[in-house]
Amino acid sequence: MANKAVHLPVLSGPGQTLRKDAWWVGPAVTFTILTSFIVYATFRAFENAHFSYGEYLSPFYSPLVETKTMGIPFLTPAMLILPFPAGFRFTCYYYRKAYYRSFAMSPPACAVGGIRQGQYNGERKLMIFQNLHRFALYAALLFLVFLWHDFYKGLWFGGHLGVRGGTVMLFLNCTFLSLYTFSCHSFRHLVGGGLDSYSTAPLGQLRHKVWSWVSRININHMAFAWISLFGVALTDLYIRALSTGAITDIRLF
Amino acid sequence: MSDEAKKSDKATLRIWRGNAEGGEFKEYEVGTYPGMVVLDAIHDVQAEHAPDLAVRWNCKAGRCGSCSAEINGKPRLLCMTRMSHFEPGQPITVTPMKTFPIVKDLVTDVSHNFRVAKRIPPFKPRPRDADGHWRMQQIDIDRIQEFRKCIECFLCQDVCHVLRDHDKHDSFAGPRFMIHLATLDMHPLDTVDRRPMMKEELGIGYCNITRCCTEVCPEHITITDNGIIPLKERVADDFFDPVRWLMRKISPPANKKSLPVLPDPIKATTKTKKKQDAEA
């Protein structure tokens, strides 16, 4: 059997690899989920209806801005809101991996040939705005305040304190969005990652503790990114279903 | 246990044989035994079939970083990959690292990495304290100790698509050197500002955070999240954040100063050669 010659494979070019595992499954799943979310969010942004039920307000429409008086056709409140969380996710250090692999195929997977070989500029030219992720973070932190306020309002349904299905949905949505936001790499840098010497910097010990805490949850940033994405969509879907009368809200206590 | 009993099972290795001018895959059958790693199988091929098969190795313990190659298309250390990891009966494909020029068979020329290393200004600590000592606390250097686990196997350089697919060897330092730069930039005693160099000459902007370097690191260094992303944020502090830029202008950092960037030896050689050609 020794010295049997085998044909030399091509190792360069899109999708070319010697990997034998199903490397394409991850990018395909990511592509499907992200595309589905974008289609659903776009539909809801244009629908401009069924975004509230009682005290509940959909996260796609929070904070609610009146657009009818602006006189711009097709403009809905969601269109003013969604660019901010979308910007946060688009420039997110996790989602960058996800969509560079699944949409841009640059590369589609490790040790698998990508597209546009030799014409790559990374994040130096067209994508240079990725360096502004921190500003999207600041907006996301502000939106968390609005969303937690929506949850608080959701506790007072009809003027009475109580917990219902919608309240739980809003709570879980806020919780996972908070975990996603506070595990952000830019937040990690902001709270202490940018320091070289914790022992001598002003509030250095405290900042090291906060940085350590953020670092611990930062390990799960990818998980929080996905859970919170599903959380936003499901919370909106729940409120839409309540608003259309498809389901009734469950009162827990 | 006798040799015959030890080698009761067989495995087929498809090994790339060739040099810079070309080559082909050749298949070799070897016996396997519990605990066998791919480097053992390669050594058996050398002993039984192909004594001229070239492979670089040294410690056989995952410490020297010499035996980097690609096994079934994935960058791995030959000495740390067990044969039992692969499905029995299926041939195991072993190729040299794709990113670097082939010398012979599984041996590649990784000298590019040493040239990149020379371009990075070395550690330059601040002056000693009045009593003649440097002082720093453990919390100041915890982070960078992770990066010191690097064994310079260059698997991260091999898998990085910026180098592998797009051949940006002259303009992107690569993941191994990004964590080296992180070690220096985060060091509490260092005084050199390498951020302009990171942005312009070492090309941190080419990294698009696809994390393949982290996936292949045999030392499990979180290269992207703990090294490259913090560096990207530091570069953003200095070059993309107008608020931080203004703060630096008003109050420049006291313990950092720029050093002249060392010339790129590759570009310098090319320039000298062009000049000599023009004169001739």
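Mentor: A disulfide here is a pair of cysteine sulfur atoms within 2.5 Å. Keep in mind that this is a predicted model.

Trainee: OK. How many disulfides are there over all chains, by this rule?

Mentor: The count comes to one. A:Cys110 and B:Cys212 form that disulfide, with their sulfur atoms 2.2 Å apart.

Trainee: Where do the two cysteines of the pair sit?

Mentor: The pair crosses between chains. A:Cys110 is in the loop between helix H4 (93-102) and H5 of chain A, while B:Cys212 belongs to helix H9 (residues 212-216) of chain B.

Trainee: And which hand does the link of A:Cys110 and B:Cys212 have?

Mentor: Left-handed, with -90° about the S-S bond.

Trainee: Are A:Cys110 and B:Cys212 buried or exposed?

Mentor: Both A:Cys110 and B:Cys212 are buried.

Trainee: Then B:Cys67. How far away is the nearest cysteine sulfur?

Mentor: The sulfur of B:Cys79 is 3.6 Å away.

Trainee: How many salt bridges cross the interface?

Mentor: The rule finds seven between chain B and chain A. One of the salt bridges joins B:Glu215 to A:Arg101, where the closest N and O atoms are 3.0 Å apart.

Trainee: Now the surface. Which residues make the nonpolar patch?

Mentor: From chain A, they are A:Phe90, A:Phe129, A:Leu132, A:Phe135, A:Tyr138 and A:Leu190; from chain B, B:Val243 and B:Met247. The patch has an area of about 680 Å².

Trainee: Which elements give two or more residues to the nonpolar patch?

Mentor: Helix H5 (133-154) of chain A and helix H11 (242-250) of chain B. B:Met247 lies in that H11.

Trainee: Why does B:Met247 count as partly exposed?

Mentor: Because its relative accessibility is 48%, and exposed would need over 50%.

Technical notes:
Residues are numbered from 1 along each chain as its sequence is written. Chains are lettered from A and ligands numbered from 1 in the order in which they are written. This is a predicted model: local features need pLDDT of at least 70, side-chain atom pairs count only at pLDDT 80 or more; totals for chains, interfaces and linings use all residues. Side-chain values use heavy atoms; hydrogens and water are left out. Patches are made of residues with over 30% relative accessible area and no salt bridge: like charges are joined within 9 Å, nonpolar side chains (Val, Leu, Ile, Met, Phe, Trp, Tyr) within 5 Å. Accessible areas come from the Shrake-Rupley method with a 1.4 Å probe; for residues, only the protein chains shown count as cover. A salt bridge is a side-chain nitrogen of Lys or Arg within 4 Å of a carboxyl oxygen of Asp or Glu. Helices (H or I, at least four residues) and strands (E, at least two) are DSSP runs, numbered from the N terminus. Buried means under 20% relative accessible area, exposed over 50%, partly exposed in between (1.4 Å probe, protein chains only).
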